[in-house]
Amino acid sequence: MASETVDDGEQTITIKEYLNEVEEEELEADLVLGGDEGKECTYTKGYMKRQAIFSCLTCTPEGNAGVCTACSLSCHDSHEIVELWTKRNFKCDCGNSKFGEFFCKLFPSKDVENVDNLYNHNFKGLYCTCNRPYPDPDVEEQVEMIQCCMCEDWFHEEHIGLESSNEIPRDEEGEPLYEDFICNACSAVCSFLSLYPQTMWAAVVQHSGSTNTKKDKDVMQDIPSACGSEKPENGICSGSSPKKDDVMADTKSESLSGGKGFDTGESSEKKVGSNKDDSSHTKCLLGENLVSDIPILPSKPLFLSKNWRDILCRCEKCLDMYNQKHIGYLVDKEDSIAEYEKTAKQKREEKLQQQEGSELSFLDKLGHVEKMEILNGIADMKDEFRTFLESFDPSNAVTSADVHQIFENLAKKRRRVE
């Protein structure tokens, strides 16, 4: 039965459509939470490379603390919570000195303060350069925002520094053709990216009927290439696609040059290159003198193509540069949202397989009589639903009274058997 509109104007959907929606919502939640079931405080895991973080405005209205998924559910239930999506190099604050007399129910033995944690206006529920909340009570139609993969703040399209949203790489359906976005402020510390080939950049697609052809063509023309003019290899956005309020992300910087309130990751940044592996290069991909003589370019938003991090040079000289700039996480595969969501999907599949195994194991442990009663009950329910559907007029909507009648018929049948 397809989606219909009943006489009172209420939209109805089929059971299949409803189950698909539930499945999509559960998958979205798993991707946001990274597969964390929210049963244990993550404090014992230290400064995790990436995890879902929440801010409790009831306990810390100044927005100077963040808590993990489990603490948001167990310790801050019914509180005013801001969902920050994910945050890198963060340790759960729940119950430390920032919470006054409040103690964590799951792991109360925490340090007085997590000195390496970084905070900004997102923890107050504010986003973008306009410093507005999401959802914005002064705006009728809420629009999705774009997240910077470095400062991890979210930005409205009209506030990222482009003359037109047509300059954002998208396909014909409006889906992002970039994997990551770097905001105006953060692009200042990434001027070395201009030394890489054009395969680093997501290109703007010329859409039919576009009135901004010249502007689209020139989006990246001022970014020089040190390695030729290959055509960009675009990929579908898999990690930092625009999210809404239930998945708003964390850190934001006010100034990339170390201004007040800017989160560079300096205090919690781990040194890269200390453990050399096969991915390290002995020869710099950019040339011996390029790293020390990086051109200074005007700050502008950047859109990176799929797998752009794999292109980054990992020679000793470049690794040292990343450490000095406190952006070593860019060459850490586990830092990317794409990898975070990939891990979440794997955990979800494992969980579903475990549930199926538990169901089979449950039946195997039952006696013959108990097993037959359960199987007969399932068969009776299938028969009752089949009988209902065979006699049901598909032009009508299923009402709550219909559902109650199905279960009443099952109860009557059960009483007759007994």
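Helices (H or I, at least four residues) and strands (E, at least two) are DSSP runs, numbered from the N terminus.

The model is predicted, so I note the terms of use: local features need pLDDT of at least 70, side-chain atom pairs count only at pLDDT 80 or more, and totals for chains, interfaces and linings use all residues. Residues are numbered from 1 along each chain as its sequence is written, and side-chain values use heavy atoms, with hydrogens and water left out.

**Whole chain**

I counted 8 helices and 10 strands in the protein chain. Of its 418 residues, 42% count as buried (under 20% relative accessible area; exposed is over 50%, partly exposed in between; 1.4 Å probe, protein chains only). I then looked up contacts (heavy atoms within 4.5 Å). Among those between residues at least 6 apart in sequence, 75% join residues at least 24 apart. The accessible surface comes to about 23,500 Å², and carbon and sulfur atoms hold 50% of it (Shrake-Rupley method, 1.4 Å probe; for residues, only the protein chains shown count as cover).

**Cores**

I searched for nonpolar cores (sets of buried Ala, Val, Leu, Ile, Met, Phe, Trp, Tyr and Cys residues joined through side-chain atoms within 4.5 Å). The largest has 42 residues, and Met150, Ile182, Phe192, Leu193, Leu312 and Tyr322 have the most contacts inside it. Two or more residues come from each of β9 (180–182), β10 (302–304) and α5 (316–325). α5 gives the most, with 4 residues. I listed the buried residues of α5 as Cys318, Leu319, Met321, Tyr322 and Asn323.

Next I took Phe192. Not counting residues up to four places away in sequence, Phe192 touches Ile294, Leu312, Met321, Tyr322, Lys325 and Ile327. I also found a second, separate core of 15 residues, with Cys41, Ala65, Cys71 and Cys94 among them.

**Gln51**

I placed Gln51 in strand β3 (residues 51–56). Gln51 counts as buried because its relative accessibility is 5%. I checked its polar contacts (pairs of N or O atoms within 3.5 Å; within protein, one must be able to donate a hydrogen and the other to accept it, and residues adjacent in sequence count only if both atoms are side-chain atoms). The side chain of Gln51 makes one with the side chain of Thr42, at 2.8 Å. A polar atom of the Gln51 side chain also lies 2.9 Å from the backbone oxygen of Phe90. Leaving aside neighbours within four places in sequence, I listed Thr42, Cys68, Trp85, Thr86, Lys87, Phe90, Lys91 and Tyr340 as in contact with Gln51.
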